[in-house]
Amino acid sequence: MTTLIQLTQNLLFHNASLLAQVEYSTEGKPPSPLSIIFGLIIALLLIVAMWKVFTKAGQPGWASIIPIYNLYIWCKIVGRPGWWILLMLIPFVNIIVGIILCLALLGVIFIPILGFGSAQYQGPSASPGLAVAPPPQPA
């Protein structure tokens with residue numbers, strides 16, 4: 001019986017000593033300049049697309065680059081109440097709210113399509129009972 005206990009202890013301590021020998025380093029390779037440039041181009045494309053979507057909806061374009069405030073304006077654009085930005089701060093609930101506001105699924109693809117395409121703002125989709133005249137579009 002004691003040999004079984006000693007054997008178990010030896011196995012446990014032997015494995016623990018092997019795990020203790022793993023060395024971790026905080027030094028990592030920096031991202032390549034090409035990936036940084038590519039990321040910046042994608043970010044700039046999305047900023048310009050959001051700016052255009054906001055202006056198509058009759059909102060100030062600069063509101064698209066202000067954190068939190070852009071969510072408030074986005075809620076107004078899609079016809080949801082402004083307090084929904086508080087729901088965006090709750091983990092897991094923010095995923096559902098993001099899907100409802102169409103920010104989560106394929107937003108990287110759909111925002112540029114809305115911004116650069118010929119789509120026109122027809123009013124908030126969430127409140128069909130409100131008669132909202134779309135803002136005048138430039139010719």
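Me: At what angle do the axes of helix 2 and helix 3 cross?
Reply: This is a predicted model, where local features need pLDDT of at least 70, side-chain atom pairs count only at pLDDT 80 or more, and totals for chains, interfaces and linings use all residues. Residues are numbered from 1 along each chain as its sequence is written, and side-chain values use heavy atoms, with hydrogens and water left out. Axes are lines fitted to C-alpha atoms, for helices over the stretch in contact, and angles run from 0 to 180 degrees between N-to-C directions. The axes of helix 2 and helix 3 come within 11 Å, and they cross at roughly 45°.

Me: Which residues of helix 3 make the contact with helix 2?
Reply: Contact means heavy atoms within 4.5 Å. Helix 2 brings M50, V53 and F54 to it. From helix 3 come N70, I73, W74 and I77.

Me: What is the handedness of the crossing where helix 2 passes helix 3?
Reply: A crossing is left-handed if the near helix is turned anticlockwise from the far one by less than a right angle, and right-handed if clockwise. For helix 2 passing helix 3, the crossing is left-handed.

Me: How many helices does the protein chain have?
Reply: Helices (H or I, at least four residues) and strands (E, at least two) are DSSP runs, numbered from the N terminus. Along the sequence the pattern reads α-α-α-α-α-α. There are 0 strands, and the count of helices is 6.

Me: How far apart are the end C-alpha atoms of helix 2?
Reply: Helix 2 covers residues 33–56, which is 24 residues. The expected span is 1.5 Å times one less than the number of residues. Helix 2 should therefore span 34 Å, and this agrees with its end C-alpha atoms, which are apart by 35 Å.

Me: How many residues of helix 3 are buried?
Reply: Buried means under 20% relative accessible area, exposed over 50%, partly exposed in between (1.4 Å probe, protein chains only). The buried set is N70, L71, I73, W74, C75, I77 and V78. These pack against helix 2, helix 4 (84–87) and helix 6. Helix 3 has 10 residues and is mostly covered, with a buried count of 7.

Me: What is the relative accessible area of W74?
Reply: W74 lies in helix 3. Its C-alpha is 9.3 Å from that of Q59, 15 residues away in sequence. W74 counts as buried because its relative accessible area is 5%.

Me: Which helices are included in what covers the buried residues of helix 2?
Reply: The buried residues of helix 2 are A49, M50, V53, F54 and K56. Their cover includes helix 3 (69–78) and helix 6 (107–116).

Me: At what angle do helix 2 and helix 6 pack?
Reply: Several residues of helix 2, including L45, L46 and V48, meet residues of helix 6, among them V108, I111 and P112. Helix 2 passes helix 6 in a left-handed crossing. The axes are 8 Å apart, and the angle is about 50°.

Me: Is F92 buried or exposed?
Reply: F92 sits in the loop between helix 4 and helix 5 (93–100). Although not a glycine, F92 has a positive phi of about 70°. Its relative accessibility is 66%, so F92 counts as exposed.

Me: What is the phi of G58?
Reply: G58 is in the loop between helix 2 and helix 3. With a relative accessible area of 46%, G58 is partly exposed. Its C-alpha lies 9.8 Å from that of G123, 65 residues apart along the chain. Just after helix 2, G58 takes a positive phi of about 80°.
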